[in-house]
Amino acid sequence: LARPDKTLARAPFPHRLAVIREDGAIPQIRRVDLGKPAVQPDYTYLFLALVGFLYLAIGLFPVSRAPAPAARVFWLLCVSSFAVYVLTPAGQRDGLWRTFLVAEDVFRALLPVLLLHLFLIFPRPVRRPLALPILYVPAALYLAFDAWLMQHPSPSGVEWFTRSWLAYFACYGAAVLLRVAHLLRRRHEEPESEKQVRWIALGVTVGIAPFLLLAVLPRAFGYGLPWLSTASVVPLALI
């Protein structure tokens, strides 16, 4: 069979197999009846996919009402979140698999910098907007490392690649929290701006802080528990 995993997963069941087993000097032929495979849903991925589609739907709302710079950055942030949560390479390593892998890495590189970029221009822009392109340098370095790793794959390289993104996200996430704290300390003349800042502070702090403390920082230093990292993903929906 060219693809036994797919053929044996399809009806009719059971599949009757003859298995040759090398047991000592005399090969033995055993009969195996292979039934229908059990379904094991990945509930963590299903939750993340739901969050990703929520980001995509929410991002359409402001960009359709007012195509301002902050709305466009927010839309790109939502698209990046959708891609990171939903695009997962799986199955045979063909062209589609590589496309999903590259797309996921590109949007993963953009996610932290877009998050910081948004809060540097909304609700009030920073005094030096010309310095904003410098924020994208780590994202470019991350993608360059990704391109090099695709040409020279190794387990240690993949581990360092993962840790580099975690450190990158931790630095930018901490900068977002500092920016939000600065916005809270400032006095806002318009009540709408003050209300926006309070909702931003609530969503970002409750959403990012558990993910940084329970998943990103421990994993960046080589520690962390899988169940704790999974639990810390849940508050990300509050952003």
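Helices here are DSSP runs of H or I with at least four residues, strands are runs of E with at least two, and both are numbered from the N terminus. This is a predicted model, in which local features need pLDDT of at least 70 and side-chain atom pairs count only at pLDDT 80 or more, while totals for chains, interfaces and linings use all residues. Residues are numbered from 1 along each chain as its sequence is written, and side-chain values use heavy atoms, with hydrogens and water left out.

Let us start with the whole chain. The protein has 8 helices and 2 strands, and reading along the sequence gives the pattern α-β-β-α-α-α-α-α-α-α. Along the principal axes, the C-alpha atoms fill a box of roughly 85 × 35 × 30 Å. The radius of gyration is 23 Å, whereas a compact globule of 239 residues would have one near 18 Å. That radius is taken over C-alpha atoms, and the globule rule is 2.2 Å times the number of residues to the power 0.38.

Of the 239 residues, 32% count as buried; buried means under 20% relative accessible area, exposed means over 50%, and partly exposed lies in between, with a 1.4 Å probe and protein chains only. Contacts, meaning heavy atoms within 4.5 Å, can also be sorted by separation in sequence. Among those between residues at least 6 apart in sequence, 58% join residues at least 24 apart.

Now turn to a pair of helices. Two packed helices are described by the angle between their axes and the distance between the axes. Helix α5 covers residues 137–151 and helix α6 covers residues 155–185; they pack at about 170°, with axes 11 Å apart. The axes are lines fitted to C-alpha atoms, for helices over the stretch in contact, and the angles run from 0 to 180 degrees between N-to-C directions. The two helices are therefore roughly antiparallel to each other, a label for angles over 145 degrees, while those under 35 count as roughly parallel, 65 to 115 as roughly perpendicular and the rest as oblique.

Which residues of α5 and α6 meet? From α5 come P138, A139, Y142, F145, D146 and L149, and from α6 come G157, V158, W160, F161, S164, W165, Y168 and Y172. The residues of this contact divide into 11 nonpolar, 2 polar and 1 charged. In that sorting, Ala, Val, Leu, Ile, Met, Phe, Trp, Tyr, Cys and Pro are nonpolar, Asp, Glu, Lys and Arg are charged, and the others, Gly among them, are polar.

R163 is partly exposed at 26% relative accessible area, and E159 is partly exposed at 31%. R179 is also placed in α6, but it counts as buried at 10% relative accessibility. Leaving aside neighbours within four places in sequence, R179 is in contact with F119, L120, R124, P125 and V126.

How many salt bridges does the structure hold? There are 5. One of them joins D33 and R16, with 3.4 Å between the closest N and O atoms. This pair links distant parts of the chain, 17 residues apart, with D33 in strand β2 (residues 26–34) and R16 in strand β1 (residues 15–23). D33 is partly exposed at 42% relative accessibility, whereas R16 is exposed at 55%. Another salt bridge is between the side chains of D5 and R3, at 3.3 Å from N to O. Both ends are partly exposed: D5 has a relative accessibility of 49%, and R3 has 27%.

S80 sits in helix α3 (residues 69–86) and is buried, with a relative accessible area of 1%. Not counting residues up to four places away in sequence, S80 touches F107, L110, L111 and L114. L228 belongs to helix α8 (residues 226–233) and is partly exposed at 24% relative accessibility. L228 and L214 are 14 residues apart in sequence, and their C-alpha atoms are 6.5 Å apart in space.

Terms used
Salt bridge = Lys/Arg side-chain N within 4 Å of Asp/Glu carboxyl O.
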